[in-house]
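Q: Could you walk me through this model, one feature at a time? I'd like the general idea, then the case at hand.

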Amino acid sequence: AYSPLYERWRKYRFIAPLFATKEYLCSSVDVFPMEFLDIKEQHVLLFGEDVMNNLEIDLSNLRYQCEEQVKGQLVRLRGAIIEAEWQKEQTEKLLVMALSSLMPVFRAILRLLRQEYPRGGREITGRLCAALEIREDAFQEVGRLKIGEKSGMPTYDLAGNFLAAVEQLAEKLDGLKAAGHI
């Protein structure tokens, strides 16, 4: 039934809505807490019962998902950089893609820490790094690449610093778990 509407709206770059049953949502919230928190916060109901408002999301599941995303990104990025053979343009593109995919995780971590998060990427990164006391420079430098600015850092150093910052983030997430904060 939605297909004709999609054909009309596609040219305006509308995102296809989520079609899901209440049972699917309730049984998947533990696996996708980051996504469901985003949906719960930003959803627009087109039809039917609004089950998102009453959906309970366990923050311990969110911490697990954040840790999985950060550590997975770290492993994938290391391999991709090696495959790119440290070529400047390709390595910088990999770093920008990695930062982009980590931004939802950064927001989720701020949620875990019960902190409000701003809308802009630089502000989110700054708040996250301050809250966890981790280095911010590599994230901000890659953020500059993302908006089309040039990096003042050699590619090898930039990639090394970015990987070190992601490693530090993974360690902090582990520390939160070990300390029982989340």
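Q: Where in the structure is Ser151 placed?
A: Helices here are DSSP runs of H or I of at least four residues, strands are E runs of at least two, and both are numbered from the N terminus. Ser151 sits in the loop that links helix 7 (137-146) to helix 8 (155-178). Keep in mind that this is a predicted model, where local features need pLDDT of at least 70, side-chain atom pairs count only at pLDDT 80 or more, and totals for chains, interfaces and linings use all residues. Residues are numbered from 1 along each chain as its sequence is written, and side-chain values use heavy atoms, with hydrogens and water left out.

Q: Is Ser151 buried or exposed?
A: Relative accessible area decides: under 20% is buried, over 50% is exposed, and in between is partly exposed (1.4 Å probe, protein chains only). Ser151 has 15% relative accessibility, so it counts as buried.

Q: What does the side chain of Ser151 reach?
A: Look for polar contacts, meaning a pair of N or O atoms within 3.5 Å; within protein, one must be able to donate a hydrogen and the other to accept it, and residues adjacent in sequence count only if both atoms are side-chain atoms. The Ser151 side chain reaches the backbone nitrogen of Met153 at 3.1 Å, and a 2.8 Å polar contact joins it to the side chain of Glu141. For plain contacts (heavy atoms within 4.5 Å), leaving out residues up to four places away in sequence, Ser151 touches Glu92, Glu141, Leu145 and Leu158.

Q: How many residues of helix 7 are buried?
A: Seven of its 10 residues are buried, so helix 7 is largely enclosed by the rest of the structure. Glu141, the partner of Ser151, is one of these buried residues, as are Phe139 and Leu145. After helix 7 comes Gly148, with a positive phi near 95°.

Q: How do helix 6 and helix 7 pack?
A: Under 35 degrees is roughly parallel, over 145 roughly antiparallel, 65 to 115 roughly perpendicular, and the rest oblique. For helix 6 and helix 7 the angle is about 175°, with the axes 10 Å apart, which makes the pair roughly antiparallel. Arg122, Thr125, Gly126 and Cys129 of helix 6 meet Phe139, Gln140 and Arg144 of helix 7.

Q: At what angle do helix 3 and helix 5 cross?
A: The axes of helix 3 (residues 33-42) and helix 5 (residues 88-112) come within 10 Å and cross at roughly 80°. That makes helix 3 roughly perpendicular to helix 5.

Q: Which residues touch the most other members of the largest nonpolar core?
A: A nonpolar core is a set of buried Ala, Val, Leu, Ile, Met, Phe, Trp, Tyr and Cys residues joined through side-chain atoms within 4.5 Å. The largest one has 50 residues, and Phe106, Phe139 and Phe162 touch the most other members. Helix 5 gives the most to this core, with 13 residues. Not counting residues up to four places away in sequence, Phe162 touches Phe139, Ala138 and Leu95, among others.

Q: What does the secondary structure of the protein come to?
A: Eight helices and zero strands. Buried residues make up 39% of the 182 residues, and the C-alpha atoms fill a box of roughly 55 × 45 × 30 Å, taken along the principal axes.

Definitions and conventions
Axes are lines fitted to C-alpha atoms, for helices over the stretch in contact, and angles run from 0 to 180 degrees between N-to-C directions.
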